[in-house]
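Subject: Structure handover

Hello,

Here is the structure you asked for, with the sequence. Please open it first and keep it on screen while you read my notes below.

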Amino acid sequence: MERRYIAEPFKIKMVEPIRLTSREERVRLIREAGYNIFNLRSEDVYIDLLTDSGTGAMSHNQWAALLSGDEAYAGSRSYYRLQEVIRTLTGYEYVLPTHQGRAAEHILMELLVKPGMFVPGNMHFDTTRGHLQMKEGFPLDLVIAEGLQPQFEHPFKGNIDLERLEEALQQYGTAKIPFILVTVTCNNNGGQPVSLSNIRAVRQAAERHGLPVFFDAARFAENCYFIRQREPGYANKNIREIARELFSYGDGCLMSAKKDGLVNIGGFIALRDRALYDRAAEQGIIYEGFPTYGGLAGRDMAALACGLEEVVEPDYLEHRVGQTAYLAQRLREGGVPLVEPPGGHAVYLDVKRFAPHIPQPVFPGQAIVVALYIEGGVRSVELGTAAFTDKDPATGACKLPPLELVRLTIPRRVYTQSHMDAVAESVIRVYRDRAALQGLRVVYEAPVMRHFTMRFELLGS
Ligand code: F0G
């Protein structure tokens with residue numbers, strides 16, 4: 001496979017120094033952090049691949065837009081500009097800003113999910129699951145079987161299994177299903193895209209059963225780029241056209257603008273239906289703010305309007321997805337097992353093949369995360385046993401997740417090719433020394449979303 005690096009389609013006019021600590025310091029720092037990278041100070045991290053959420057660099061036009069933000073409580077000019085950009089992009093008429101993605105989830109779930117309901121989708125992100133569970137609802141992850149096999153090459157591993165969807169719709173019906181949620185791209189299994197033909201079929205199924213379809217659109221632009229690259233008939237369409245078609249199959253979307261909004265904070269709900277918008281705006285007033293700012297400053301909305309226009313630019317996306325593909329290719333050349341093909345925002349290590357000698361219950365993914373920090377000051381994140389173990393609230397029994405992954409998440413427009421090279425070299429060294437990796441035991445965990453705050457000890461120490 002080709003290993004070409006697409007040069008950055010930007011030049012740098014402001015820099016933030018980063019520092020590589022010594023290995024001895026890192027051994028101490030990670031021990032003091034309870035072997036949990038969430039407890040590290042970012043100043044002690046050399047290359048930070050924890051997340052692509054809110055960690056991107058804004059363009060000069062976005063910084064300029066900040067100064068033009070209208071901070072009016074009601075009727076802000078920046079709100080109307082954002083509304084116009086979102087209407088053009090999605091075709092959805094009604095726009096409610098929120099402070100980030102999970103706030104949008106909160107409002108929609110609060111309105112539509114009742115105890116005992118099921119929400120089918122490809123794979124719900126953890127905050128989405130959390131909000132559903134708070135409403136005593138159940139997530140139904142119906143991603144295609146290929147999506148759960150890291151080695152299986154498939155162009156659209158985020159697709160929904162249409163047969164299982166139909167079964168769920170027949171079994172539970174409109175009484176028990178409030179809506180279908182399609183996450184583009186699908187974060188939990190590798191940032192994998194969903195095809196337009198799959199989305200169209202989901203729409204048809206939803207119509208047969210009289211149900212609405214919503215998108216979790218956090219990474220919609222990356223999804224559209226993959227459609228252009230991989231789906232027959234779309235090579236000559238531009239990203240805006242593809243996005244318009246994608247959104248045309250939905251009734252609205254939830255967006256964490258910290259990803260493909262190219263901003264450091266922000267989100268929104270966009271809807272077709274006026275009545276639902278009115279109810280969402282009522283909820284928004286309680287939890288977020290007046291509907292023309294919804295938890296954001298006017299300047300945040302101004303920067304977001306600008307970011308949503310930049311994110312669909314072909315040069316931006318070619319570099320973005322190309323940078324991820326480059327890192328994946330370097331790792332492959334070093335023999336490192338990955339989720340294939342790589343997604344848009346991250347390269348995911350396939351832990352079960354990387355460290356098969358460490359049993360899943362003693363956190364093999366976390367062992368790699370710790371080793372990678374010690375090796376190169378690189379902060380990655382475990383998406384496996386620590387993050388996604390389901391605990392039965394009644395019996396305390398644990399259900400281990402089907403995928404055990406470590407995510408190397410690339411912030412937007414932040415790092416260059418040489419950073420990717422440094423990351424690849426560190427991962428390859430950890431892989432060569434994999435026999436030395438040690439499992440971990442938990443010394444503290446919270447009852448929900450434990451991975452953020454849990455503390456570990458190394459086994460054998
Ligand atoms: N949906 C998806 C697909 C996400 O990846 C995230 C966040 C959210 C919703 C929630 O949005 O953070 O703005 O409240 N993902 C981050 C990550 C945290 O690291 O993948 P938020």
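This is a predicted model: local features need pLDDT of at least 70, side-chain atom pairs count only at pLDDT 80 or more; totals for chains, interfaces and linings use all residues.

The side chain of glutamate 382 comes within 2.8 Å of the backbone nitrogen of alanine 386.

Glutamate 382 belongs to strand S11, which covers residues 381-383. Is glutamate 382 buried or exposed? Its relative accessible area is 3%, and since buried means under 20%, glutamate 382 counts as buried. Leaving out residues up to four places away in sequence, glutamate 382 touches Phe363, Gly365, Gln366, Val369, Ala387, Glu404 and Leu405. Proline 447 is 65 residues from glutamate 382 in sequence, and their C-alpha atoms are 18 Å apart.

Alanine 386 and alanine 387 come up again with histidine 451, which touches both of them as well as Asn36, Phe38 and Asp126, with residues up to four places away in sequence not counted. Histidine 451 sits in the loop between strand S15 (440-444) and strand S16 (455-458). Although it is in a loop, histidine 451 is buried, with a relative accessible area of 7%.

Next, the ligand. Which residues are closest to the ligand? They are Thr51, Arg102, Asp216, Ser256 and Lys259, out of 16 residues that surround it. The shell divides into eight polar residues, seven charged and one nonpolar. Helix H4 (residues 101-112) gives the most to this shell, with three residues.

- Threonine 51: an N or O atom of its side chain is 2.7 Å from an oxygen atom of the ligand.
- Asparagine 187: an N or O atom of its side chain is 2.9 Å from an oxygen atom of the ligand.
- Lysine 259: an N or O atom of its side chain is 2.9 Å from a nitrogen atom of the ligand.

On its own the ligand has 480 Å² of accessible area, and the protein covers 93% of that.

Asp216, one of the residues closest to the ligand, is also in contact with threonine 128. Threonine 128 lies in helix H5 (residues 126-134) and is buried, with a relative accessible area of 1%.

Helix H9 (residues 239-248) is worth a look as well. Which residues of H9 are buried? They are Ile239, Ile242, Ala243, Glu245, Leu246 and Phe247. The cover over these buried residues includes helix H3 (77-90), helix H7 (196-209), helix H8 (220-230) and helix H12 (314-333), together with strand S6 (213-216) and strand S7 (252-256). The N-terminal end of H9 is capped by asparagine 238, which has a side-chain oxygen 3.1 Å from the backbone nitrogen of arginine 240.

Phe247 leads on to the aromatic rings. A pair of rings is described by the distance of the centres and the angle of the planes. The count for this model comes to 14 aromatic pairs. In one of them, the rings of tyrosine 92 and phenylalanine 247 have centres 5.7 Å apart and planes at 75°. Why is this pair called edge-to-face? Planes over 60 degrees apart count as edge-to-face, so the 75° between these two planes puts the pair in that class. Tyrosine 92 is in the loop between H3 and strand S2 (94-98) and phenylalanine 247 is in helix H9, so the pair links parts of the chain that are 155 residues apart. Tyrosine 92 is buried, with a relative accessible area of 0%, and phenylalanine 247 is buried at 1%.

Another edge-to-face pair is that of phenylalanine 354 and tyrosine 431, with ring centres 4.9 Å apart and planes at 70°. Phenylalanine 354 lies in helix H13 (residues 351-354) and tyrosine 431 in helix H16 (residues 417-432), so this pair ties together parts that are 77 residues apart in sequence. Both phenylalanine 354 and tyrosine 431 are buried.

Finally, Tyr92 and Phe247 form one aromatic cluster with Phe215 and Phe220.

Regards

Technical notes. Residues are numbered from 1 along each chain as its sequence is written. Side-chain values use heavy atoms; hydrogens and water are left out. A residue is near a molecule or strand if one of its heavy atoms lies within 4 Å of it. A polar contact is a pair of N or O atoms within 3.5 Å; within protein, one must be able to donate a hydrogen and the other to accept it, and residues adjacent in sequence count only if both atoms are side-chain atoms. Accessible areas come from the Shrake-Rupley method with a 1.4 Å probe; for residues, only the protein chains shown count as cover. Helices (H or I, at least four residues) and strands (E, at least two) are DSSP runs, numbered from the N terminus. Ala, Val, Leu, Ile, Met, Phe, Trp, Tyr, Cys and Pro count as nonpolar, Asp, Glu, Lys and Arg as charged, and the others, Gly among them, as polar. Buried means under 20% relative accessible area, exposed over 50%, partly exposed in between (1.4 Å probe, protein chains only). Contact means heavy atoms within 4.5 Å. Rings of Phe, Tyr and Trp (its six-membered ring) pair if their centres lie within 6.5 Å; planes under 30 degrees apart count as stacked, over 60 as edge-to-face and the rest as tilted.
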